[in-house]
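User: I'd like to learn how to read a protein model feature by feature. Could you walk me through this one?

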Amino acid sequence: MNRLARETSPYLRQHADNPVDWYPWGEEAIERARAEKVPILLSIGYSSCHWCHVMAHESFEDTATAEVMNARFVNIKVDREERPDLDRIYQLSHQLLTRQAGGWPLTVFLDPPTLLPFFTGTYFPCQPRHGLPGFTDLLMRIGDTYAAKRAEVATQGERLAAVFANLERLEHESEEDDETLMANAREQLEAMYDSAAGGFGSAPKFPMPTAIERLLRHWARRHADLSLKPDRVALNIVMTTLTKMARGGIYDHLGGGFCRYSTDRRWTIPHFEKMLYDNGALLALYSDALGLGSDSLFAGAVRDTAGWMMREMQHPDGGYFAAQDADSEGVEGKFYVWRRDAVKRALTEDEYLLVETLYGLDKPANFEGKWNLCRRDSWRSVVERLYLDEDKAEALLASAKTKLLAERVKRVPPGKDEKVIAAWNGLAIHGMAKAGVRLGEPAWVDSAARAVDFVRTRMVDDGRLFATWKDGTVNYPAYLDDYANMLLGVLSLLSAVWRDDDLDFAIFLGNELLRRFQDPDTGGFFFTAHDHEQLIHRPKPTADDAMPPGNGVAARALLGLGHLLGEPRFLTAAEQTVAWGRGFIAQHPASHCTLLTALEEHRHPGELVIVRGPGEALAPWLAAARAGYRPSRLVYGIPEDARRLPSYLPPANPLRLVTDDVDPAVAGYICTGLQCSAPIKDLAEFKKAIA
């Protein structure tokens with residue numbers, strides 16, 4: 001056992017039995033490296049990362065490799081999910097040094113006096129292949145270079161430090177107006193679009209929900225404005241991409257949930273890890289798309305993914321777990337793929353014929369002699385080809401999936417990272433709350449509410465949110481993403497069901513964002529709090545990545561909170577953030593979709609619809625307000641007995657209809673900017689006002 005055995009991170013504990021003398025990040029390791037004048041080998045990964053497992057098996061579990069690592073380096077292992085600050089900084093360092101995209105595992109060699117990197121890479125094989133050096137040979141060369149060329153290493157570090165300093169000071173000016181920036185993003189996304197397979201770019205292909213949402217909002221705004229030409233191309237990109245993903249192998253057709261990315265451009269074979277943040281964002285996106293009209297494929301993906309999150313990813317006390325592994329029994333995808341005869345044995349003849357046709361089991365295997373399930377044709381085409389009645393076909397598919405899932409459960413499951421991460425829970429809460437409202441599933445809303453309660457009661461200590469929880473222990477003061485995504489999630493939950501404690505929690509999160517992270521000089525928010533450990537760089541993220549950037553999410557959430565409360569402080573902070581971020585957006589708008597959406601919401605404030613009255617009487621009013629896809633409308637139903645209200649609302653609903661039952665009336669308020677209508681007490685009048 002090495003020092004990692006004392007850690008709570010499942011990823012670090014996976015390496016506790018390595019012969020490598022691992023340290024967690026901290027002063028003990030850094031001071032030892034400085035005293036012994038040897039470089040630091042920093043390895044960053046996460047528990048469900050396939051290539052992290054490969055490098056661990058090939059190198060970190062190998063005694064000969066470990067001997068070289070221990071003799072020539074101080075070795076530090078970091079979980080990128082616990083320390084996104086370190087990951088963000090050293091991923092950026094890798095991009096600056098190599099001009100290549102980063103990834104995991106990230107392998108970084110640091111000069112201990114400055115902690116600046118002098119060599120970086122990602123996965124290295126144990127033996128040379130595919131143009132990559134063998135890891136042990138690389139270790140020997142880097143150790144020799146560091147000992148012989150210390151001055152050159154220091155000089156390179158100084159140059160990198162200067163680049164970081166310039167990033168912090170750089171002011172980006174843009175002469176383009178806001179509409180041009182949004183139009184440029186739309187054009188760039190169309191240029192990136194894969195018209196044959198959906199999505200953006202080629203393999204590996206990621207879902208990119210922020211880009212899809214930007215195009216959907218772009219279409220909706222033009223569709224709502226009769227003076228603008230409808231953008232059917234943007235809508236086609238959205239619907240085609242969502243359809244291809246929901247049909248594809250990146251989606252788990254039996255258990256629900258989307259994998260992190262596809263290894264091919266046609267979404268057929270994923271890396272099989274499932275991340276909570278992806279599924280939260282995709283739940284919200286598919287729920288928005290269902291606002292355009294019913295779609296059984298989309299609705300099925302939402303239902304099964306919400307079911308997976310509640311069944312497999314939720315702690316009994318409410319918080320959502322971080323991830324499921326790609327591997328089981330040391331083999332990637334083993335849990336998910338099928339042999340054809342195993343499917344035949346599990347099903348009736350009619351069920352198998354439908355499954356064979358829908359999922360292509362009559363075609364060549366697509367994954368190492370087995371089948372990863374993905375729809376080969378549209379549902380309607382399959383039903384017609386088999387001359388089936390629609391209802392019977394749906395019943396056959398449902399029974400077949402139930403049987404196959406029951407068979408799959410008997411297999412050794414993939415590992416699960418049971419950390420609860422505040423930032424990722426915020427995205428999951430956002431998605432579950434929106435999905436529950438869209439499809440009328442109160443159990444999903446309740447699931448989101450339990451997650452909020454978990455974070456609020458288990459992960460806030462001494463007035464401060466913490467980033468992670470595991471086995472009863474919180475770790476690491478929260479980062480910008482934690483506060484911003486949780487605020488977004490809590491506001492989405494408040495929109496689904498009003499709870500006084502959630503409004504208090506939202507106000508706490510908004511206040512802490514401003515107090516701990518806001519840049520008072522230029523606007524925007526730092527990724528780390530003002531009292532955080534000083535590192536080689538303090539980023540202010542603006543670009544979309546695996547997760548939406550904290551500045552974009554914070555601006556959107558603060559706009560929502562500011563309008564709900566009528567609180568100018570939050571609105572001003574959001575305005576300053578988008579003003580500061582405009583120059584970054586202008587450099588490449590398509591990479592800043594989240595921040596662009598915040599800019600749009602600031603420049604074109606939408607409607608805030610508030611309905612008050614007895615809880616059971618609110619339903620038809622809320623249904624009318626929530627109908628369709630209206631991204632610029634926020635809807636809140638506040639029950640009559642709520643004690644925590646926006647200050648501009650009366651403490652109790654004074655409007656009562658005189659009826660035989662003397663029931664209190666429902667009152668609707670329609671607000672734009674900081675001005676609200678007089679209360680509307682007639683449902684027909686309310687429907688007309690919001691039409």
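User: Is T522 buried, partly exposed or exposed?

Analyst: First, a word on the model. It is predicted, so local features need pLDDT of at least 70 and side-chain atom pairs count only at pLDDT 80 or more, while totals for chains, interfaces and linings use all residues. Residues are numbered from 1 along each chain as its sequence is written, and side-chain values use heavy atoms, with hydrogens and water left out. Now the idea: buried means under 20% relative accessible area, exposed means over 50%, and partly exposed is in between (1.4 Å probe, protein chains only). T522 has a relative accessible area of 41%, so T522 is partly exposed.

User: Where does T522 sit, and which residues does T522 touch?

Analyst: Helices (H or I, at least four residues) and strands (E, at least two) are DSSP runs, numbered from the N terminus. T522 is in the loop between helix 20 (500-517) and helix 21 (550-565). Contact means heavy atoms within 4.5 Å. Not counting residues up to four places away in sequence, T522 touches K540, Q576 and W580. As for A555, T522 is 33 residues from A555 in sequence and 14 Å away in space, C-alpha to C-alpha.

User: Thanks! Next, which residues touch the most other members of the largest nonpolar core?

Analyst: In soluble globular proteins, nonpolar side chains tend to be buried together. Here a nonpolar core is a set of buried Ala, Val, Leu, Ile, Met, Phe, Trp, Tyr and Cys residues joined through side-chain atoms within 4.5 Å. The largest one has 181 residues, and W25, Y90 and L513 touch the most other members. Helix 19 (residues 480-496) gives the most to this core, with 11 residues. Another core, of 21 residues, lies apart from it and includes L254, L347, Y352 and L404. Leaving aside neighbours within four places in sequence, the contacts of W25 include I30, L42, Y90, L110, E533 and L535.

User: How do I read a strand, and which strands pair with strand 15?

Analyst: Strands of a sheet pair through backbone hydrogen bonds, either parallel or antiparallel. Two strands pair if DSSP finds at least two bridges between them. Strand 15 (residues 464-470) pairs in the antiparallel sense with strand 13 (residues 420-421) over two bridges, and V420 stands opposite W469 in strand 15. Strand 14 (residues 460-461) also runs antiparallel to strand 15, joined by two bridges, with D461 opposite R464. Strand 16 (residues 473-477) is antiparallel to strand 15 over four bridges, and there W469 stands opposite V474. Seven of the seven residues of strand 15 are buried.

User: What happens in the turns of the hairpins?

Analyst: Strands 14 and 15 form a hairpin with two residues between them, and D462 in the turn has a positive phi of about 55 degrees. The hairpin of strands 15 and 16 also has two residues between the strands, with D471 taking a positive phi near 55 degrees.

User: In what order do the strands of the four-stranded open sheet run?

Analyst: The order is 18-17-19-20, and the pairing is mixed. Strand 18 (633-639) and strand 20 (675-676) are the edge strands, each pairing on one side only. Strand 17 (residues 607-613) and strand 19 (residues 667-672) run antiparallel and are joined by six bridges; E607 stands opposite T672 in strand 19.

User: How can I check a helix, and what span should helix 12 have?

Analyst: The expected span of a helix is 1.5 Å times one less than its number of residues. The 17 residues of helix 12 should span 24 Å, and its end C-alpha atoms are 23 Å apart, which agrees. Buried residues in helix 12 include L297, F298, V302 and W308. Among the elements covering the buried residues of helix 12 are helix 10, helix 11 and helix 17 (422-438).

User: Finally, which helix gives the most to the lining of the second largest pocket?

Analyst: On a 1 Å grid over the protein atoms alone, a pocket is an open set of points with protein on both sides within 12 Å along at least five of seven lines, and lining residues have an atom within 4 Å of a point. Grid points are joined across faces, edges and corners, and a volume is the space filled by probe spheres set on the points. The second largest pocket has a volume of about 640 Å³. Of the 24 residues lining this pocket, S296, L297, G300, R375 and L397 are the closest to its centre. Helix 12 gives the most to the lining, with seven residues.

Technical notes
1 Å grid on protein atoms, 1.4 Å probe; cavity = no way out; pocket = protein on both sides within 12 Å on 5 of 7 lines; lining within 4 Å.
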